[in-house]
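Me: I have just opened this one and would like to go through it slowly. Can you help me with a few questions?

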Amino acid sequence: PTSAQVSVVPHSSGRFCYTLDNDLLTTEQRQFYEDNGYLLIRNLVSDKDIERFRKEFTRICKREVKPPGVMIMKDESLRSQFGQSEKVVNKVQDFQEDEELFRYCTLPEVLKYVECFTGPNIMAMHTMLINKLPDSDKQTFLHPMHQDLHYFPFQPASLIVCAWTAMERADQDNGCLVVQPGTHKTTLKPHGYPEWEGKTNKLFHGLLEEDEKIPKVHLVMEKGDTVFFHPLLIHGSGINKTSGFRKSISCHFASSECHYIDVKNTTQEHLEKELQEMVCKKYNATSVELKDIWNFRARLVQGERINL
């Protein structure tokens, strides 16, 4: 069994199941998301904001600031060569307590789109700034195809959306996002570590069985472009074959009307154990509940905090 035996409840009386009635999205945009599970909005976030996020990321890498709760993921093999710098950090996760990076989650231009999927009561659930390192040989930072709902112990999926903003041009050379359009209409599939010797990072789970017949689309994006996508959409990213760093900033937003679920005896149970072990080790705790981990990560952005 999986925890995503979620029948998507249509939000409106019309033909749209995955967006709410709103004055922002055109009928064509809503239909595109309905059919494909993602929507790309060009030039949404300003260069000025992106440069502020970039500066804060550098400060975190250099340990000039230490936001509580933030998880810094590194390529340990490079530390002796580069020390504490952005050249070893591939991801800053859970930045909800860093006021400068958390600004991304509160940008009005982003939130107005988020509201089309979640409604007015919006929680920021999972925050990341990804710094895809140059990686042409080992493929350490290839992120296998996966569904984000695998990581989330809350539902319904139709009230969750990811906003992912390119901080510079993202293309096939530096490991842009790859999506399989329409797969958001499927159920949650079993995930785990793919059997690639030495090619997976901690918590980089992927589909255990991938349908190669489903077409893949590479999302080529310019700086400031933002894609919104459904948590069941199958997606991943390739390796960075350039000498530069491919940065992006993202947040998974959910309606605060979503509710937590018990993942025991589901395909998500092994992820729960792995996450609990990591948190216990980091905070020297003996035990921690999955719901408590997510309560700590979650932060209200707009409206009223109801369930999450």
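Me: In which sense do β7 and strand β12 pair, and over how many bridges?
Reply: Keeping in mind that this is a predicted model, β7 and strand β12, which covers residues 226-229, pair in the antiparallel sense over four bridges. Within that pairing, T165 has T226 of β12 as its bridge partner.

Me: And how many bridges join β7 to strand β14?
Reply: Seven bridges join β7 to β14, a strand of residues 246-255, and these two strands run antiparallel.

Me: How many of the residues of β7 are buried?
Reply: Strand β7 spans residues 160-166, and seven of its seven residues are buried, so the strand is mostly covered.

Me: Which residues sit on each side of it?
Reply: On one side of β7 are I160, C162, W164 and A166, and on the other are V161, A163 and T165; all of these are buried, and both faces of the strand are covered.

Me: What about the stretch leading up to that strand, where is P156?
Reply: P156 is placed in the loop between β6, residues 154-155, and β7. The peptide bond that runs from Q155 to P156 is cis, with omega near 5°.

Me: Switching to helices, at what angle do α6 and α7 pack?
Reply: Helix α6, residues 269-283, and helix α7, residues 290-297, pack at an angle of about 65°, and their axes are 10 Å apart. The two helices are therefore roughly perpendicular to each other, and their crossing is left-handed.

Me: Which residues make the contact?
Reply: From α6 the contact uses E272, L275, Q276, V279 and Y283, while α7 contributes L290, I293, W294, F296 and R297.

Me: Where does N284 lie, and is it buried or exposed?
Reply: N284 lies in the loop between α6 and α7, and it is exposed, with a relative accessible area of 73%. Its backbone deserves a look as well, as N284 has a positive phi of about 55° although it is not a glycine.

Me: Last one, what is the phi of R63?
Reply: R63 is not a glycine, yet it has a positive phi of about 65°. R63 lies in the loop between α2, residues 47-61, and β2, residues 71-74, and it is partly exposed, with a relative accessible area of 40%.

Note on methods. Residues are numbered from 1 along each chain as its sequence is written. This is a predicted model: local features need pLDDT of at least 70, side-chain atom pairs count only at pLDDT 80 or more; totals for chains, interfaces and linings use all residues. Side-chain values use heavy atoms; hydrogens and water are left out. Buried means under 20% relative accessible area, exposed over 50%, partly exposed in between (1.4 Å probe, protein chains only). Two strands pair if DSSP finds at least two bridges between them. Axes are lines fitted to C-alpha atoms, for helices over the stretch in contact, and angles run from 0 to 180 degrees between N-to-C directions. Angles under 35 degrees count as roughly parallel, over 145 as roughly antiparallel, 65 to 115 as roughly perpendicular and the rest as oblique. A crossing is left-handed if the near helix is turned anticlockwise from the far one by less than a right angle, and right-handed if clockwise. Contact means heavy atoms within 4.5 Å.
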